[in-house]
Amino acid sequence: MSPDQRFARWVRAAVVAFCVLFVYFVLADTYMPMTPEARVLRPVVQVAPEVGGRVQAVAVENNQRVEQGDVLFGIDRDPYELALHKARLAREAARRDNALIEADLAEARANLESAQSTAEELTSERKRAESLLERHGISRQEFDRIAADEREARASVKAAQARIRYLTVQLGDRGAGNLQLRQADNAIEQAELDLSRTLVRAERGGVVSNLQLREGDYATRGQPALALVGEQLDLVADLREKSLRHVREGEPARVVFDALPGKVFKARVASRDAGVKAGQLAADGSLADMPATDRWVRDAQRVRLHLEVEDPPEPLPVSGARATVQLLPEANPLAGLLGGLQIRLMSWLHHVY
């Protein structure tokens, strides 16, 4: 065989191999898609104090694992202890004010009884005066004076009754039902709650990461002071839209983490995002922004899948770790075999790059 014939044979073999590989990759991308665009996400809690103040002590170190309820750092307690003492003094003042109101109420009731007795006496006197006036036993002027005294006495009764209603409303229910006491008790509870919040605790278990907080720093209420990385693992994979035509929730998948080359983990498709940022329009008063491109074939849109790793590695990969995901749609009976070979090839290649 001449050199030209051998060269032509190699060219034909290369063309055939290229065509076979091209067809394989088109079919594989449709029926058993794989993507290196996968990432580990772990819940990151931004720990913010619910009260502000000077940091007295930091009870954790960077990258330390903590459990739910563990103390992370403490804030100066002195201002909040003073606030609690002030709230308790306010309650004592409320109790004293209520005692004075009760004394006024007792006096008002006594005044009511006196006014009622006077009014009853003057009513009887007016009735006698009416009989005398009919027999011309007294003058009209004397009768008018007695009637005026009776009206004044009845007005005094109404005033005493109004005073009793006012003091009763002001006092409210005795004991815990009194408004001033309830307000004072509420202020005490708030002060006690603020004092307890000077010890900032972990809301969930996790690992303290990127700790920059130091003793003497000022912690602002509601402002994150440190980050706590949780223990739950969410694996997200971005694939082209057309590659997901045959993928359904619950179908199996295989995962290779860049940090653990050579190891293949089983996973399942948990869910698919309902949209991407490019599909969200903000009502900000701006005109439509038309994307421009001079490419004949535009880039494909990627859609995010969420996967559950059945037996995640220990320790968990860091949040943000990269991975490669191989989907195994049940619609393709060969996906288990060929897809398994693909992901194992990738696991071997991860030893190199």
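Predicted model: local features only at pLDDT ≥ 70, side-chain atom pairs only at ≥ 80, totals over all residues.
The protein comprises 353 residues, of which 31% count as buried. Its secondary structure consists of five helices and 14 strands. The radius of gyration is 43 Å, whereas a compact globule of 353 residues would have a value near 20 Å. Along the principal axes, the C-alpha atoms fill a box of roughly 165 × 50 × 40 Å.

Six strands form a closed barrel in the order E1-E10-E13-E12-E11-E14, and their pairing is antiparallel. On average, neighbouring strands of this sheet are turned by 40 degrees against each other, with direction ignored. Strands of a sheet in general pair through backbone hydrogen bonds, in a parallel or an antiparallel manner.

A search of the whole structure gives 12 salt bridges, among them one between Arg322 and Glu37, in which the closest N and O atoms are 3.0 Å apart. Arg322 belongs to strand E14 and Glu37 to strand E1 (residues 34-41), so this pair ties together parts that are 285 residues apart in sequence. Both side chains belong to partly exposed residues: the relative accessible area is 30% for Arg322 and 36% for Glu37.

A further salt bridge connects the side chains of Glu310 and Arg268, with an N to O distance of 3.4 Å. Glu310 is located in the loop between strand E13 (302-309) and E14, and Arg268 in strand E12 (residues 265-272); the pair therefore ties together parts that are 42 residues apart in sequence. Glu310 is partly exposed, at 47% relative accessible area, and Arg268 is likewise partly exposed, at 35%. Salt bridges with shared partners also occur, and they join Arg42, Arg65, Glu67 and Glu231 into one network.

The side chains of Glu81 and Arg77 meet in another salt bridge, with 3.5 Å from N to O. Glu81 has a relative accessible area of 38% and is partly exposed. Arg77 is also partly exposed, with a relative accessible area of 31%.

The buried residues of H4 are Leu181, Ala184, Ile188, Ala191, Asp194 and Leu195. These residues cover an arc of only 150 degrees around the axis and therefore lie on the same side of H4. On the face of H4 turned away from this buried side are the exposed residues Asn186 and Glu189.

Note on methods: Residues numbered from 1 in each chain as written. Heavy atoms only, no water. Pairing = 2+ DSSP bridges. Helix = DSSP H or I, 4+ residues; strand = E, 2+ residues; numbered from the N terminus. Axes fitted to C-alpha atoms, helices over the stretch in contact; angles between N-to-C directions. Salt bridge = Lys/Arg side-chain N within 4 Å of Asp/Glu carboxyl O. Buried < 20%, exposed > 50% of the residue type's maximum accessible area, 1.4 Å probe, protein only. Arc of directions from axis to C-beta. Rg over C-alpha atoms; globule rule 2.2 N^0.38 Å.
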